[in-house]
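Hi everyone, thanks for making time this morning. Let me put the model up on the screen, and then I'll walk you through it.

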Amino acid sequence: MLHFSEDPTITVFRPHVAPTSARRESYVWAVDAARAQDYWFPRQCPRAMAWVGPSTVAADAERLLSSGSRRVHAIEYGWLERMRTVQLYAYRFAATAFHPLEGREPHAHVATEPVTPLGPPERVGDLFELHDAAGIELRVLANLWVFWDAVVASTLSYSGIRLRNARPRSLEQ
């Protein structure tokens, strides 16, 4: 299990209620390796992510993904410099302390007791290089909402994180 943070000094993770969560339970949040790429961003960076899933129709993939791409992450121009300069760290945990968060598509794992990392956090490195090495197209847009609305209306699998931090929808939308 992994947790990504800009703070390399955390020694114990304690359950808390996330301010933006619809859930009222206190959790320590983590992800498995399959969802780690969702967190290769500065913590507060809004991002819209889409990928080919089991129900994806070829026409949607052709319309919303670049040729040959199976996954795309989009951020706004205002976050570009922060993406270049952020110092991001990965904490590792024993999987036994966590269970999958229930939902339409398990995307996170949670613990209800304090959790100690297995060791010191590891610096993640260059976020652009990580995306490139993983074959993930990274788009930089003026505004996420046109892309997000198209993705949500499509058959692609998707996830949006920290969208409340995105620029407002334009009046033309």
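This is a predicted model: local features need pLDDT of at least 70, side-chain atom pairs count only at pLDDT 80 or more; totals for chains, interfaces and linings use all residues.

Residues are numbered from 1 along each chain as its sequence is written, and side-chain values use heavy atoms, with hydrogens and water left out.

When I say strand or helix, I mean DSSP runs numbered from the N terminus: helices are H or I with at least four residues, strands are E with at least two. Back to leucine 2, then. Leucine 2 counts as buried because its relative accessibility is 10%; buried means under 20% relative accessible area, exposed over 50%, and partly exposed in between, with a 1.4 Å probe and protein chains only.

Now to the rings. Rings of Phe, Tyr and Trp (its six-membered ring) pair if their centres lie within 6.5 Å; planes under 30 degrees apart count as stacked, over 60 as edge-to-face and the rest as tilted. That rule gives six aromatic pairs. Take phenylalanine 13 and phenylalanine 93: their ring centres are 5.0 Å apart and their planes stand at 90°, so this pair is edge-to-face. The pair links distant parts of the chain, 80 residues apart: phenylalanine 13 sits in the loop between strand S1 (2-5) and strand S2 (28-30), and phenylalanine 93 in the loop between strand S5 (89-92) and strand S6 (99-100). Phenylalanine 13 is buried at 8% relative accessibility, and phenylalanine 93 is buried at 3%.

Two strands pair if DSSP finds at least two bridges between them. Four strands make an open sheet with mixed pairing, in the order S9-S4-S3-S10. At the edges are strand S9 (137-141) and strand S10 (157-161), each pairing on one side only. From one strand to the next, the twist averages 15°, using axes that are lines fitted to C-alpha atoms (for helices over the stretch in contact) and angles that run from 0 to 180 degrees between N-to-C directions. Strand S4 (residues 71-76) runs parallel to S9, with five bridges between them, and isoleucine 75 stands opposite valine 140 in S9.

Next, charges. A salt bridge here is a side-chain nitrogen of Lys or Arg within 4 Å of a carboxyl oxygen of Asp or Glu. How many salt bridges does the structure hold? There are eight salt bridges. One of them joins aspartate 60 and arginine 63, at 3.0 Å from N to O. Both residues lie in helix H1 (residues 58-64), three residues apart, about one turn of the helix. Aspartate 60 is buried at 12%, while arginine 63 is exposed at 51%.

Another bridge pairs glutamate 137 with arginine 139, with the closest N and O atoms 2.8 Å apart, and both of these residues are buried. Then there is aspartate 149 with arginine 169, at 2.6 Å between the closest N and O atoms. Aspartate 149 lies in helix H4 (residues 145-152) and arginine 169 in the segment after S10, so the pair ties together parts 20 residues apart in sequence. Aspartate 149 is partly exposed at 33%, and arginine 169 is partly exposed at 40%. Salt bridges also link Arg35, Asp38 and Arg71 in a network.

Last stop, the largest pocket, with a volume of about 1200 Å³. Of its 41 lining residues, those closest to its centre are Trp29, Tyr39, His107, Ile161 and Arg162. For the method-minded: on a 1 Å grid over the protein atoms alone, a pocket is an open set of points where a 1.4 Å probe fits, with protein on both sides within 12 Å along at least five of seven lines, and lining residues have an atom within 4 Å of a point. Grid points are joined across faces, edges and corners, and the volume is the space filled by probe spheres set on the points. S1, S2, strand S3 (47-51) and S10 each supply at least two residues of that lining.
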